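Biologist: I would like to learn how to read a few features in a model. Where do we begin?

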Amino acid sequence: MSTAKSPAPDIAPVEKKKKSESSTRLYIDALLEQSYRHLFGPTATPEQPRKPEVVSIARLKGLLSAYLKSSDLAQIKEAFHFSDEAHLGQYRQSGQPYITHPVAVAEICAEWKLDPQSVMAALLHDVMEDQGVTKAELAERFGPKVAELVDGLSKLDKMEFRSREEAQAESFRKMLLAMARDVRVILVKLADRLHNMRTLGVTAMEKRRRVARETLDIYAPIANRLGLNNTYRELQDLSFANYYPRRYATLDKAVKAARGNRREVVGKILDAVQKALKEGGVKAEVYGREKTLYSIYNKMREKQLSFSQVLDVYGFRVVVEANVQCYMALGILHGLYKPVPGKFKDYIAIPKLNGYQSLHTTLVGPFGTPIECQIRTRRMHQIAEAGVAAHWLYKNGGADMNDVQKHAHQWLQSLLDIQSETGDSTEFLEHVKIDLFPDAVYVFTPKARILALPRGATALDFAYAVHSDLGNQCVAVKVNNELLPLRTELKNGDIIEVITAPYSKPNPAWLGFVRTGKARSAIRHYLKTMRFGESVQLGERLVEQALKSYGLNVAEISQEIWDKLAQWTGNKDRQEIFADIGLGRRVAAVMAKRLAVLISGKDGENETLDEAEALRLEEAVSAPVLITGTEGMSVQFAPCCRPIPGDNIMGYIGIGMGMAIHTTDCRVARRIHRKDPTRWIDVAWSPQPGRLFDVAIRILVRHNRGVFARVAADITASDANIVHIAMDDVMPQESAQLRFIIQVSDRVHLANVMRRVRTNPDVIRVARERPGERHQEELHAAHAMRVTRDRGEY
């Protein structure tokens, strides 16, 4: 019996009036009513408690007895009783006992003919998450394999996350990694999601849309990737029905109306195909199939068509005995109706990523109606419908079944590779979504090995698909023996040769065009690792400088002290503390003070050092941190003022941004300093900086022929590199202002460059460009030109 769920008793207002005898009685009655509802269901009352419904597993036993032994059935029955007892008093939103859900999930697994452990995991999949049953208890009762499966299916509700999205991503990560170890995890999860989607109609519209979107983005593509086509199509249709219920109802009504109108045409085509195959000596089963509502809707949306314009709502499937008969049937069909050029695909010679095999062709039938036909063997048909579940469904399936397992194993292994290179759960989920696209291009290595990549994949994706090290060291590619850029999009049949160099390393710009999750995660992993090492070095130097004011040395601090500091900060170890400091997530001075407190033994939460030590610390002066320019990404030179050696500088520790170096007279730096003075530290240039530095200069010149080339030659003659050039007209036909960004070693080098440029007779003024001074300087330049013109010097 299905009934609506009653709201929980409103106890809070009653609690405010508990001082009176009547209000106390009301309060107790409310508690009693709440207890009855918890025990007997959402509609129970103390006067008429709801009797627990008896759930039958007769259908489940019937499905299982067809392929399992009696000893297996006894174990599954025990799992049912355990789950039934654990979920006693728990009800679904529909009002049904909760145990009906695990039984329904187990029935779906039984329809796929999964093994006994999978069926038991289906019955027990919510006992850890909802009822607090431990993994050890399940392992002791039903074996470690069942416990592992249930654990992989359980969400991470007991952990705290910053958002619902992060919790969802972490749950997906755990589930997919468990799936990589044992594919049965995702099979049971898909059965769970399938039943939830079938019964989603009783929930609120907001939840229906959220779950439907999640199913379309993750679960349906996974079902497709594993070859469970029936499940894939049903999940899509159910998601469509729950996300756009009105569109679904309208389209469903239109399809039903069209069935009667097209029945005669479909019957005529079916008879003609069957007759032609029989005359050609090909024994085959032919039957029509209707496109799913979601695929019709997608076609209408993508091609901007009305329903009446979607002619290929119906298709035909031809099932034969042997591979050679597939091609014979194809020839007969092409002789019966004209094929549409470019609409033939041979998935027998080159299977899809999920192991799917068939011949696909589109024909022009009577009255110009397009006919989609799929031609496959009986074994291919079994694989197409059951996918990776065919491993249990047909254990003696032969080489074809092994190929399906091989494709599934390769994809599952790629999940482990992505996980090993990705620390963040949300990022991991993003990479997995990228890899769940059904379309693919098939390309070749120089040794004729076939690789399948997502549609739109680039030559760099190919390099990473072969091996991560090959992608990391890739410098160029040859596509069909032609040297092309790494971002070149691949097409079916391309032959790719990767050219590598030992000095090459991933470029952050690569993330802008790579298509596969494996390539993206490998590039990010390399960049993060490189930045982590640089941040650790910077953080250690900052801490070392900060500790000098306390008379301490990093090398003398014991591991025990570092462990206490890591516990206090929440970091894993000393390296992570240094990295956080280098990235600006923590302040070195604060960490140094905490280390001093820990070393003194006064590590209470609010305690400080003794009076003498405090006086010494107040008198200590911290030496500035030396900047060489070779610190890497953890130290950035602010583009607003472009500091160079010789300038007075200061460092700003931005949260999660490393350290930014500004000149002390930088207007931007002064504004930031007023808002947050605590994040600035003293820095100074190293006596021997290890690189060239960008600096902006502007040069006011007379508008004479060749002046631009002569100024550029003067700059390069002074051993300065030109990075960028721009030109502004100050007064038409009289002068121009040239703006250069050049690279110099220090202020002395810059002075030499400017001195050399001033020797040019066409140069009126040379100055280093400062932030916010551009408009003011243009006014000065215009005034100078007018004065020069008035004196007759121009």
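Modeller: With strands. A strand is a DSSP run of E, at least two residues long, numbered from the N terminus. Here, I725 lies in strand β18, residues 721–731. Keep in mind that this is a predicted model.

Biologist: Is I725 buried or partly exposed?

Modeller: Buried means under 20% relative accessible area, exposed over 50%, and partly exposed in between. I725 has 33% relative accessibility, so it counts as partly exposed.

Biologist: Which residues form the positive surface patch?

Modeller: R667, R670, R671, R674 and K675 form it. R667 is placed in helix α28, which spans residues 667–675. Its relative accessibility is 43%, so R667 is partly exposed.

Biologist: Now R739. Is R739 buried or exposed?

Modeller: Its relative accessible area is 6%, so R739 is buried. R739 sits in strand β19, residues 735–744.

Biologist: What does the side chain of R739 contact?

Modeller: For a polar contact, look for a pair of N or O atoms within 3.5 Å. The side chains of R739 and E769 make one at 2.5 Å.

Biologist: And loops? Where is V554 found?

Modeller: V554 is in the loop between α23 (517–548) and α24 (559–569).

Biologist: How are V554 and R541 separated?

Modeller: They are 13 residues apart along the chain. Their C-alpha atoms are separated by 9.3 Å.

Definitions and conventions
Residues numbered from 1 in each chain as written. Predicted model: local features only at pLDDT ≥ 70, side-chain atom pairs only at ≥ 80, totals over all residues. Heavy atoms only, no water. Patch = residues over 30% accessible without salt bridge, like charges linked within 9 Å, V, L, I, M, F, W, Y side chains within 5 Å. Areas by Shrake-Rupley, 256 points an atom, 1.4 Å probe, with all protein chains shown as cover. Salt bridge = Lys/Arg side-chain N within 4 Å of Asp/Glu carboxyl O. Lys, Arg positive; Asp, Glu negative; His and termini not counted. Charge placed at Lys NZ, Arg CZ, Asp CG, Glu CD. Helix = DSSP H or I, 4+ residues; strand = E, 2+ residues; numbered from the N terminus. Buried < 20%, exposed > 50% of the residue type's maximum accessible area, 1.4 Å probe, protein only. Polar contact = N/O pair within 3.5 Å; in protein donor to acceptor, adjacent residues only side chain to side chain.
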